[in-house]
Structures are given as structure tokens and as C-alpha cells.
Amino acid sequence: MPKDIIQSSDSPSETSDPASTTPVLRKPEATDGSAIWALVRDCKPLDENSMYCNLIQADHFRDTCVVAERDGDILGWVSGHMIPNEDAFFVWQVAVSPRARGLGLGRKMLTHLINRDECADAEALKTTITEDNDASWGLFRSFAKSIGGELTDAPHFEEEAHFDGHHDTEHMVTITLPAEEDTEDQPLAKAA
């Protein structure tokens with residue numbers, strides 16, 4: 001299923017405690033499935049999965065997915081997995097709540113994931129993006145620049161051949177990831 005994102009430069013809501021404005025990034029739990037599903041539904045025009053799909057992702061793929069939580073609320077979500085028989089991490093979907101926009105949360109969640117031990121063998125991050133999805137292109141270009149990775153793309157899932165004319169062509173975006181020794185000096189938090 002194609003991945004989409006919603007991003008905005010809106011400011012986060014003000015709170016009296018600055019620490020409460022920074023969401024905690026963590027592995028999802030099966031009990032987060034319904035909250036993840038609700039977040040994705042609230043982030044139009046993201047492709048909605050079934051609640052069961054998000055439950056399975058949060059349970060079976062928790063090591064390669066991340067939620068951003070603040071004060072008990074799920075405000076961000078990235079689903080992904082290691083591609084079988086490849087040294088590549090695939091990002092399926094990125095969602096950021098309107099209440100957490102403007103924090104750079106999408107890029108923070110991606111950086112968090114590539115620093116997990118479960119993604120240590122990944123030499124590239126891959127995702128698919130339609131040509132007109134400016135928010136996704138902006139996020140992944142910004143991410144590539146921030147890690148010093150090269151971004152390339154090519155048509156992959158084609159409108160007629162794969163989607164029977166019902167969805168625009170998805171371009172496979174590939175971002176080279178720095179070798180582990182290249183990231184040792186960068187202040188990137190390890191995943192919980």
C-alpha cells in the first residue's frame with residue numbers, strides 16, 4: 001500500500017511545561033493499534049488501513065515502527081519494515097497529528113528508526129511517493145540532507161500495470177544511509 005504523509009509548518013499548541021511539548025518516541029504496543037488507526041484517519045488524505053492492519057503493525061512489526069506520544073496521546077506514527085533479502089528499510093506510512101505539526105516530528109521519527117538495532121543492516125531507506133505529494137517529497141529530501149544521504153527515485157508501482165488505473169504511479173525513493181561509524185558523532189537518540 002502506498003505511503004503518504006501530512007506535514008505543515010503550523011506551530012504546536014502552547015503548554016506551560018516545555019517538556020510536555022516534546023513527544024516521546026517509542027516502539028508501539030498492540031494496545032496502540034486503535035489510536036494509530038484514529039491518527040491515520042485524522043490525517044487526510046492519508047490512505048486508511050483497517051484497524052486490524054494497524055494492530056498487526058504495532059504488534060508484529062513494532063521493532064521497525066515508531067509512535068510519538070505526548071501526555072498519553074499518539075501524535076505521530078511511522079510504519080516500516082526491513083525488505084526481505086535486501087539491506088534496505090522500507091517506510092510505508094508517516095502520520096503527524098495536526099496538534100504536533102511544526103516540530104519536525106516526521107524527520108525525528110525517521111532518524112529514530114534508522115538508529116535502532118533492528119535497522120542496523122540497512123544501507124538504504126526506501127519508500128514510495130506519487131509525483132504530486134509535495135509534503136512527502138519535502139520530508140524525505142529534508143531527511144536525506146540531514147543524514148548526508150543521496151536521494152534517487154524511479155517509477156515503481158505504475159498506474160496502469162499495478163493499480164489498474166485507480167491510483168497514480170508511485171516512485172520508489174531510495175536514500176543511502178551513512179555507515180554506522182559515520183553517525184557516531186551525531187547526537188541521535190537510540191530507540192527504546
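Residues are numbered from 1 along each chain as its sequence is written. Because the model is predicted, local features need pLDDT of at least 70 and side-chain atom pairs count only at pLDDT 80 or more, while totals for chains, interfaces and linings use all residues; side-chain values use heavy atoms, with hydrogens and water left out.

The chain has five helices and seven strands. Helices (H or I, at least four residues) and strands (E, at least two) are DSSP runs, numbered from the N terminus. Read from the N terminus on, the elements come in the order β-α-α-β-β-β-α-β-α-β-β-α. Of the 192 residues in the chain, 46% are buried. Here buried means under 20% relative accessible area, exposed means over 50%, and partly exposed lies in between (1.4 Å probe, protein chains only). The accessible surface of the chain is about 9800 Å², and carbon and sulfur atoms account for 48% of that surface. Such areas come from the Shrake-Rupley method with a 1.4 Å probe, and for residues only the protein chains shown count as cover. Contacts (heavy atoms within 4.5 Å) reach across the sequence: among those between residues at least 6 apart, 69% join residues at least 24 apart.

The seven strands form an open sheet with mixed pairing, in the order β1-β2-β3-β4-β5-β7-β6. Two strands count as paired if DSSP finds at least two bridges between them. Strands of a sheet pair through backbone hydrogen bonds, either parallel or antiparallel. At the edges stand β1 and β6 (151-157), each with a single partner strand, so one side of each has no neighbour in the sheet. From one strand to the next the twist averages 30°. Angles of this kind run from 0 to 180 degrees between N-to-C directions, and the axes are lines fitted to C-alpha atoms, for helices over the stretch in contact.

The β1 end of the sheet can be followed residue by residue. β1 and β2 run antiparallel and are joined by three bridges. L25 has A68 in β2 as its bridge partner, and R26 stands opposite V67 in β2. On the β3 side, β2 and β3 pair in the antiparallel sense over five bridges, with V67 opposite W77 in β3. The hairpin of β2 and β3 has two residues between the strands, and D71 takes a positive phi near 50° there. Four of the five residues of β2 are buried, so this strand is largely enclosed by the rest of the structure. Helix α1 packs on the sheet and touches β2, β3 (73-82) and β4 (88-96); the direction of α1 makes about 95° with that of β3.

Salt bridges also join parts of this region. A salt bridge is a side-chain nitrogen of Lys or Arg within 4 Å of a carboxyl oxygen of Asp or Glu, and by this rule the count comes to nine. In one of them, E69 pairs with R26, the closest N and O atoms being 2.9 Å apart. E69 lies in strand β2 (residues 66-70) and R26 in strand β1 (residues 24-26), so the pair ties together parts that are 43 residues apart in sequence. E69 is partly exposed, at 22% relative accessible area, whereas R26 is buried, at 17%.

A second salt bridge connects D63 and K27, with 3.0 Å between the closest N and O atoms. D63 sits in the loop between α2 (51-60) and β2, and K27 in the loop between β1 and α1 (33-42); the two are 36 residues apart. D63 is partly exposed at 32% relative accessibility, and K27 is buried at 14%. E48 and K44 also meet in a salt bridge, at 2.5 Å from N to O. Here E48 is partly exposed, with a relative accessible area of 39%, and K44 is exposed, at 51%.

The cysteines remain. The structure holds zero disulfides, a disulfide being a pair of cysteine sulfur atoms within 2.5 Å. For C53, the nearest cysteine sulfur is that of C65, 9.4 Å away. C53 is buried, with a relative accessible area of 19%, and C43 is buried as well, at 0% relative accessibility.
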